[in-house]
Amino acid sequence: MTTTVAFIGLGHMGGPMAANLVSAGYRVLGHDLVESCLSAAVAAGVEAARSAAEAAAVADVVITMLPAGRHVLSLYGPEGLLAAARPGTLFVDCSTIDVADSRAAHAAAEAAGHRSLDAPVSGGVVGAEAGTLTFMAGGEEGAFAQAEPLLAVMGKKAVHCGDAGAGQAAKICNNMILGVSMIAVSEAFVLAESLGLSDQALYDVASAASGQCWALTVNCPVPGPVPASPANRDYRPGFAAPLMAKDLQLAANSLRAGGIDAELGLRAAELYARFAEGPGADQDFSGIVRAIRAASSNTTDALKGSTT
Ligand code: NAD
């Protein structure tokens with residue numbers, strides 16, 4: 001019997017993910033508050049539901065791909081999806097949300113007699129369209145096993161990270177590494193420039209030495225050394241700075257809640273929040289190199305002056 005999927009949230013990510021499930025033969029009932037998102041999904045073979053609850057009521061699996069935890073919790077909440085669904089429905093939340101919100105969503109789903117999995121993704125819109133996302137999942141083993149065939153359609157890899165909220169935890173830890181390392185790489189390029197070292201020379205050394213990392217060798221923040229990096233196309237995303245700011249804010253929430261002495265993670269959250277509200281609003285997160293360079297112009301001039 002065909003598995004019926006309710007897909008709630010058909011935006012940049014959810015739209016193509018739902019379309020890939022349709023292409024793989026699943027019956028998908030979709031819902032989004034934005035008419036253009038819903039109609040694009042319908043054009044890809046998704047059946048339009050008048051409400052999220054209407055879709056959940058007939059589904060075997062309910063997938064949510066929403067902006068933030070408050071959207072997930074309010075949709076799950078009283079008279080919402082959990083109440084509408086048949087007992088034993090599998091709820092898979094692919095949104096990136098706060099770990100505490102995710103655990104609350106799991107608890108509510110289980111209290112209502114359902115199975116639940118948090119399964120945030122990395123890979124961006126390109127990965128959602130190509131079906132090459134990476135899922136990091138949290139929840140009980142049986143829920144993960146039930147979700148795996150669907151995750152395999154929408155992605156190339158799914159890692160079961162542990163219990164409720166473990167997928168979200170993995171996501172924010174990984175992106176905290178990425179945010180901090182992108183700032184470190186960008187600061188190093190600006191320092192190198194001030195010392196008269198070319199971008200290519202720093203790249204050639206650091207990419208083959210202990211400074212090597214993804215932020216340098218794949219998403220290099222200066223144009224030239226890595227032709228495919230967003231820096232070569234005027235910092236068009238890629239991974240948009242506001243999404244990095246969001247993920248670092250989630251990491252900062254958990255750092256504060258856990259009393260973790262992580263000065264760089266908290267500072268990275270501040271720097272990306274400021275960048276995303278200003279010039280980075282529509283840029284790739286590697287564009288932060290320009291903000292660092294702009295803020296450093298006096299220092300750079302002074303350094304240049306001291307060497308001449
Ligand atoms: P988006 O804003 O394009 O899509 C979210 C959709 O949810 C919107 O279309 C919105 O109308 C819909 N929505 C909100 N409340 C709803 C409700 N009550 N009922 C039905 N629909 C509702 O966002 P996105 O880029 O698709 O991202 C979705 C999630 O994936 C976010 O949590 C984001 O952090 C995460 N994510 C995004 C990317 C990316 O590159 N865009 C990468 C990794 C993870």
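Helices here are DSSP runs of at least four residues, numbered from the N terminus. The model shown is predicted.

View 1. A polar side-chain atom of His 12 lies 2.7 Å from a ligand oxygen atom. Leu 66 has a polar backbone atom 2.8 Å from an oxygen atom of the ligand. For Lys 246, a side-chain N or O atom is 2.8 Å from a ligand oxygen. Taken alone, the ligand exposes 830 Å², and the protein buries 85% of that.

**View 2. The largest pocket.** The ligand takes up the space of this pocket. Its volume is about 1,500 Å³. The lining has 49 residues, and Met 13, Gly 124, Val 125, Phe 239 and Leu 243 are closest to the pocket's centre. Helix H9 gives the most to this lining, with six residues. The lining divides into 24 nonpolar, 19 polar and six charged residues.

**View 3. The second largest pocket.** This pocket has a volume of about 170 Å³. Among its lining residues are Glu 187, Leu 271, Arg 274 and Phe 275. Helices H13 (263-277) and H14 (288-295) each give two or more residues to the lining. H14 gives the most, with four. Seven lining residues are nonpolar, none is polar and two are charged.

Technical notes: Residues are numbered from 1 along each chain as its sequence is written. This is a predicted model: local features need pLDDT of at least 70, side-chain atom pairs count only at pLDDT 80 or more; totals for chains, interfaces and linings use all residues. Side-chain values use heavy atoms; hydrogens and water are left out. A polar contact is a pair of N or O atoms within 3.5 Å; within protein, one must be able to donate a hydrogen and the other to accept it, and residues adjacent in sequence count only if both atoms are side-chain atoms. Accessible areas come from the Shrake-Rupley method with a 1.4 Å probe; for residues, only the protein chains shown count as cover. On a 1 Å grid over the protein atoms alone, a cavity is a set of points where a 1.4 Å probe fits but cannot get out, and a pocket is an open set with protein on both sides within 12 Å along at least five of seven lines; lining residues have an atom within 4 Å of a point. A molecule sits in a cavity or pocket if more than half of its atoms lie within 2 Å of its grid points. Grid points are joined across faces, edges and corners, and a volume is the space filled by probe spheres set on the points. Ala, Val, Leu, Ile, Met, Phe, Trp, Tyr, Cys and Pro count as nonpolar, Asp, Glu, Lys and Arg as charged, and the others, Gly among them, as polar.
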